[in-house]
Amino acid sequence: MFMLFIISFIIVPVLKCCGTETSTYTTQYDEVDIKEIMDNERLLVAYIGCLLDKNPCTPEGRELKRNIPDALQSDCNKCSDKQRENADAWIEFMIDNRPEDWTKLEERYNPDGSYRTKYLESKHNATSNVDESK
């Protein structure tokens, strides 16, 4: 009986803790104001430079850079709702307003262009839905 206790309450939780990946990315930086970054040329250029290895990164930039490949591959399944919202806003902003920078980021992180395609399809569907409701 004692052996069952040890297995149940000590070994199993340790195996669960150490044997699996975290289910979500850290939410430590979820309150970073993405709009402020997109509206501030100096900040925006600094983040783009970080992601392209052209200049040093802030702690949140390093975290983002480390998670981008996995997030793209897994369709952001470890992202919090806020991270998904910020990612969508960032991608939309970059494609619509900074296409040259988006192309550089896309070449590095999403060479097959799947996120651009996904965004453009979503944008087209949203426009079609607005047109149909008139």
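**Figure 1. D75 in the α4–α5 loop.** With a relative accessibility of 45%, D75 counts as partly exposed in this predicted model, because partly exposed covers values between the limits of under 20% for buried and over 50% for exposed. The residue lies in the loop that runs between α4 and α5. Its backbone is of interest: D75 has a positive phi of about 55° although it is not a glycine. Most residues other than glycine have a negative phi.

**Figure 2. D53 in the α3–α4 loop.** D53 is found in the loop between α3 and α4. The phi of D53 is near 60°, again a positive value in a residue other than glycine. D53 is partly exposed, its relative accessible area being 45%.

Figure 3. N55 is located in the loop between α3 and α4. At 29% relative accessibility, N55 counts as partly exposed. Once neighbours within four places in sequence are set aside, N55 is in contact with V45, A46, G49 and C50. Another contact partner, C50, takes part in a disulfide with C57.

**Figure 4. The disulfide between C50 and C57.** A disulfide is a covalent bond between the sulfur atoms of two cysteines. In this view, C50 is joined to C57, with an S to S distance of 2.0 Å. The torsion about the S-S bond of C50 and C57 is about 100°, so this disulfide is right-handed. Both C50 and C57 are buried.

**Figure 5. The disulfide between C76 and C79.** C76 and C79 are joined by a disulfide with an S to S distance of 1.7 Å. The torsion about the S-S bond of C76 and C79 is about -80°, so the disulfide is left-handed. C76 counts as buried because its relative accessibility is 11%, and C79 counts as buried because its relative accessibility is 9%. The count for the model comes to two disulfides. When the bonded cysteines of the protein chain are numbered in sequence order, the pairing reads 1-2, 3-4.

**Figure 6. D101, a buried aspartate in helix α6.** D101 lies in helix α6, which comprises residues 99–109. At 14% relative accessibility, D101 counts as buried. Apart from residues up to four places away in sequence, D101 touches I48 and M94. Of the elements shown here, α6 is also one of those that give two or more residues to the lining of the largest pocket.

**Figure 7. D88 in helix α5.** D88 lies in helix α5. With a relative accessible area of 52%, D88 is exposed, because the limit for exposed is over 50%. The C-alpha atoms of D88 and Y119 are separated by 8.3 Å, although these two residues are 31 residues apart along the chain.

**Figure 8. The largest pocket and its lining.** The largest pocket has a volume of about 1100 Å³. Its lining consists of 38 residues, of which L64, Q83, N86, A87 and W90 lie nearest the centre of the pocket. The elements that give two or more residues to this lining are α2 (34–39), α3 (41–51), α4 (59–73), α5 (81–97), α6 and α7 (114–133). By residue class, the lining divides into 21 nonpolar, seven polar and ten charged residues.

**Figure 9. The protein chain as the setting of the close-up views.** The protein chain has seven helices and zero strands, and its pattern along the sequence is α-α-α-α-α-α-α. Of the 134 residues of the chain, 30% count as buried; D101, C76 and C79 are among those that count as buried. Among contacts between residues at least 6 apart in sequence, 63% join residues at least 24 apart. The accessible surface of the protein chain comes to about 9400 Å², and 58% of this surface belongs to carbon and sulfur atoms.

How values were computed. Residues numbered from 1 in each chain as written. Predicted model: local features only at pLDDT ≥ 70, side-chain atom pairs only at ≥ 80, totals over all residues. Heavy atoms only, no water. Helix = DSSP H or I, 4+ residues; strand = E, 2+ residues; numbered from the N terminus. Buried < 20%, exposed > 50% of the residue type's maximum accessible area, 1.4 Å probe, protein only. Contact = heavy atoms within 4.5 Å. Disulfide = S-S within 2.5 Å. 1 Å grid on protein atoms, 1.4 Å probe; cavity = no way out; pocket = protein on both sides within 12 Å on 5 of 7 lines; lining within 4 Å. Points joined across faces, edges and corners; volume = space filled by probe spheres on them. Nonpolar A, V, L, I, M, F, W, Y, C, P; charged D, E, K, R; others polar. Areas by Shrake-Rupley, 256 points an atom, 1.4 Å probe, with all protein chains shown as cover.
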